[in-house]
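Subject: Structure handover

Hello,

Here is the structure I promised to pass on. Please open it alongside this note. My findings follow.

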Amino acid sequence: ASLDIESYLARLIGMMPSSKLLYSSDQVYEPELFWLPARFARRALERALSAAADADYLTTAQAESIGRGILAGNTRRVHDL
């Protein structure tokens, strides 16, 4: 995990439609290796979106919608789940 992940996420969110962003992990073995990166990514995404809302780039509702999309909603839509 990168210590600068929030800035990477902020750049991605600023560069492309958030509906194109999907959370993913390359972990394939032990459950702990799914949980820990997902926890780090979720918290980093929350900080990046909170910063955008605090700077008035997004409303709180938009930030929440983008977060839900990146973490699960966009994948469900793309894969028709």
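A residue is called buried when its relative accessible area is under 20%, and exposed when it is over 50%. Leu 9 comes to 18%, so Leu 9 counts as buried. Please keep in mind that this is a predicted model.

**Overall layout**

The protein has three helices and zero strands. From the N terminus on, the order is α-α-α. For 81 residues, a compact globule would have a radius of gyration near 12 Å; the protein has 13 Å, which agrees. Along the principal axes, the C-alpha atoms fill a box of roughly 40 × 35 × 20 Å. Buried residues make up 21% of the 81. The protein exposes about 6,200 Å², and carbon and sulfur atoms supply 56% of that area. Take the contacts with a separation of 6 or more: residues 24 or more positions apart account for 56% of them.

**Helix α1 and Leu 9**

Helix α1 covers residues 5-15. Leu 9 lies in α1. What does Leu 9 touch, not counting residues up to four places away in sequence? The partners are Ala 41, Ala 44, Leu 45 and Ala 48. These four are also among the buried residues of α2. By contrast, take Ser 19, ten residues from Leu 9 along the chain: the two C-alpha atoms are separated by 14 Å.

**Helix α2**

Helix α2 runs over residues 32-54. At 1.5 Å a residue, its 23 residues should span 33 Å; the end C-alpha atoms are 33 Å apart, which agrees. Its buried residues are Ala 41, Ala 44, Leu 45, Ala 48, Leu 49, Ala 52 and Ala 53. The spacing in such a list is worth a look, because an α-helix has 3.6 residues a turn, so residues three or four places apart point the same way. The cover over the buried residues of α2 includes α1 and α3. After α2 comes Asp 56, with a positive phi near 65 degrees.

**Helix α3 and its bend**

Helix α3 takes in residues 60-78 and bends by about 65 degrees at Ile 70. Its buried residues are Ala 63, Ile 66, Gly 67, Gly 69, Ile 70 and Asn 74. They pack against α1 and α2. Asp 80 follows α3, and its phi is positive too, near 50 degrees.

**Ile 70**

Why does Ile 70 count as buried? Its relative accessibility is 8%, and the cut-off is under 20%. Leaving aside neighbours within four places in sequence, Ile 70 is in contact with Ile 13, Ser 18, Leu 21, Leu 22, Tyr 23 and Leu 45. Ser 18 sits 52 residues away along the chain, yet the C-alpha atoms of Ile 70 and Ser 18 are separated by 7.1 Å.

**The nonpolar core**

The largest nonpolar core has 13 residues. Those with the most contacts inside it are Ile 13, Leu 45, Leu 49, Leu 58 and Ile 70. Two or more residues each come from α1, α2 and α3. Which element gives the largest share? That is α2, with six residues.

To start, I would look at Ile 70, where α3 bends, and then at Leu 9 in α1.

Best wishes

How values were computed: Residues numbered from 1 in each chain as written. Predicted model: local features only at pLDDT ≥ 70, side-chain atom pairs only at ≥ 80, totals over all residues. Heavy atoms only, no water. Bend = angle between axes of the 7 residues up to and from the residue. Buried < 20%, exposed > 50% of the residue type's maximum accessible area, 1.4 Å probe, protein only. Contact = heavy atoms within 4.5 Å. Expected span 1.5 Å × (residues − 1). Core = buried A, V, L, I, M, F, W, Y, C linked by side-chain atoms within 4.5 Å. Rg over C-alpha atoms; globule rule 2.2 N^0.38 Å. Areas by Shrake-Rupley, 256 points an atom, 1.4 Å probe, with all protein chains shown as cover.
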